[in-house]
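Subject: Structure handover

Hello,

Here is the structure I promised to pass on. Please open it first, then read my notes below.

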Amino acid sequence: MLLTLCALITALTCVSGVTVVTQKPAVVTVRTGETATMDCNLGTVTDRSARWYKQIPGGVPQYVLSNHHSWSSVNYGSGFSSPKFTSTHQSKSDYRLIINTVEEGDSAVYYCHTWDTSAKEFVFGQGTKLIVTSSSLPPPVLTVFPPSTAELQSNKATLVCLSSQSVPFADVTWLTGGSPVSSGISTSTAVHRPDQTFQISSSLTIHTSDWNMDQLYTCKVSLGSQTSTQVKDINKSSCPTDS
């Protein structure tokens with residue numbers, strides 16, 4: 001059952017032709033003892049409950065709770081209860097998960113899920129990463145690599161951004177000219193290193209012609225707060241070895 005649920009989360013976050021479940025923010029960073037909140041919009045679904053699951057990297061999803069705008073109380077999964085976990089609704093399609101007095105063990109990805117009656121499909125959101133720390137997070141250390149000379153001969157250019165950080169979760173985005181890039185991006189899961197840091201690798205594939213135009217590309221990595229966000233720029237003119 002749990003393995004089936006894992007497969008559903010993987011497959012149904014990208015189902016087309018059904019409602020879109022949107023979760024915000026992508027990353028939440030809080031200190032131990034504080035309160036974490038995350039929101040879920042069920043799109044066109046207004047008659048079904050919002051269900052929340054917790055998944056630790058490498059583990060199976062755990063059912064946390066479900067809430068419906070017509071219910072007088074929240075339904076909980078095994079091992080989860082009030083007042084630690086609770087949920088509210090702002091409308092028939094807007095729900096919030098609230099985790100009080102957080103501990104480091106609460107760090108995980110939390111998925112919002114519903115049932116689209118018209119499409120007869122389960123639908124999951126993309127997940128919100130909760131990072132709980134005992135102190136302020138230092139910003140990640142970024143290194144950006146240009147495309148190789150050999151690759152540029154194939155009309156393709158791949159930029160690689162390596163992020164070294166203190167936690168296993170991060171929100172990685174690429175920008176060009178200050179605007180977000182939506183395609184050609186591939187980002188790995190975090191790798192735990194011997195020095196107890198984590199490394200995430202993200203690549204952006206562009207056309208060689210765009211690289212030759214000396215456009216400015218930016219790798220942005222956020223650990224959930226403004227003080228733990230780092231950016232690194234790269235363009236052709238800053239890489240003399242490729243000229």
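Cys219 has 0% relative accessibility, so Cys219 counts as buried. Buried means under 20% relative accessible area, exposed means over 50%, and partly exposed lies in between (1.4 Å probe, protein chains only).

Before going on, a word on the source. This is a predicted model, in which local features need pLDDT of at least 70 and side-chain atom pairs count only at pLDDT 80 or more, while totals for chains, interfaces and linings use all residues. Residues are numbered from 1 along each chain as its sequence is written, and side-chain values use heavy atoms, with hydrogens and water left out.

**The disulfides**

What is a disulfide? It is a covalent bond between the sulfur atoms of two cysteines. Here, a pair of cysteine sulfur atoms within 2.5 Å counts as one. The whole structure holds two disulfides.

Cys219 pairs with Cys161, and their sulfur atoms are 2.1 Å apart. The torsion about this S-S bond is -80°, and the link is left-handed. Cys161 sits in strand β13 (residues 156–165) and Cys219 in strand β19 (residues 217–222), so the bond ties together parts that are 58 residues apart in sequence. Strands (E, at least two residues) and helices (H or I, at least four) are DSSP runs, numbered from the N terminus. Cys161 is buried, at 1% relative accessibility.

The other disulfide joins Cys40 to Cys112, with an S to S distance of 2.0 Å. Its torsion is about -75°, so this disulfide is left-handed. Cys40 belongs to strand β3 (residues 36–41) and Cys112 to strand β9 (residues 108–116), so the pair links parts 72 residues apart in sequence. Cys40 is buried at 2% relative accessibility. Cys112 is buried at 0%.

Number the bonded cysteines in sequence order and the pairing reads 1-2, 3-4. Cys239 is in no disulfide; the nearest cysteine sulfur, that of Cys161, is 13 Å away. Cys239 is buried too, at 9% relative accessibility.

**The cores**

Which residues touch the most other members of the largest nonpolar core? They are Leu159, Trp174, Trp211, Cys219 and Ile234, out of 28 residues in that core. The elements giving two or more residues to this core are β9, β12 (141–145), β13, β14 (171–176), β18 (198–207) and β19. A second, separate core has 26 residues, including Leu42, Leu65, Tyr95 and Val102. A nonpolar core is a set of buried Ala, Val, Leu, Ile, Met, Phe, Trp, Tyr and Cys residues joined through side-chain atoms within 4.5 Å.

Val141 is in strand β12. Is Val141 buried or exposed? Val141 is exposed, with a relative accessible area of 54%. Leaving aside neighbours within four places in sequence, Val141 is in contact (heavy atoms within 4.5 Å) with Leu162, Ser163 and Ser164. Val141 and Leu162 are 21 residues apart in sequence and 8.1 Å apart from C-alpha to C-alpha.

**Backbone points to look up**

Most residues other than glycine have a negative phi, and most peptide bonds are trans.

- Lys24 and Pro25 are joined by a cis peptide bond, with omega about -10°. Pro25 is in the loop between β1 (22–24) and β2 (27–31).
- Ser82 and Pro83 are also joined by a cis peptide bond, with omega about 5°. Pro83 is in the loop between β6 (75–76) and β7 (85–89).
- Lys120 has a positive phi, near 55°. Lys120 is in the loop between β9 and β10 (121–124). Lys120 is exposed, at 60% relative accessibility.
- Asn155 has a positive phi, near 65°. Asn155 is in the loop between α2 (149–152) and β13. Asn155 is partly exposed, with a relative accessible area of 49%.

**The whole protein**

Now step back. The protein has three helices and 20 strands. Its C-alpha atoms fill a box of roughly 65 × 45 × 30 Å, taken along the principal axes. Of its 243 residues, 41% count as buried. Among contacts with a separation of 6 or more, residues 24 or more positions apart account for 58%.

Best wishes
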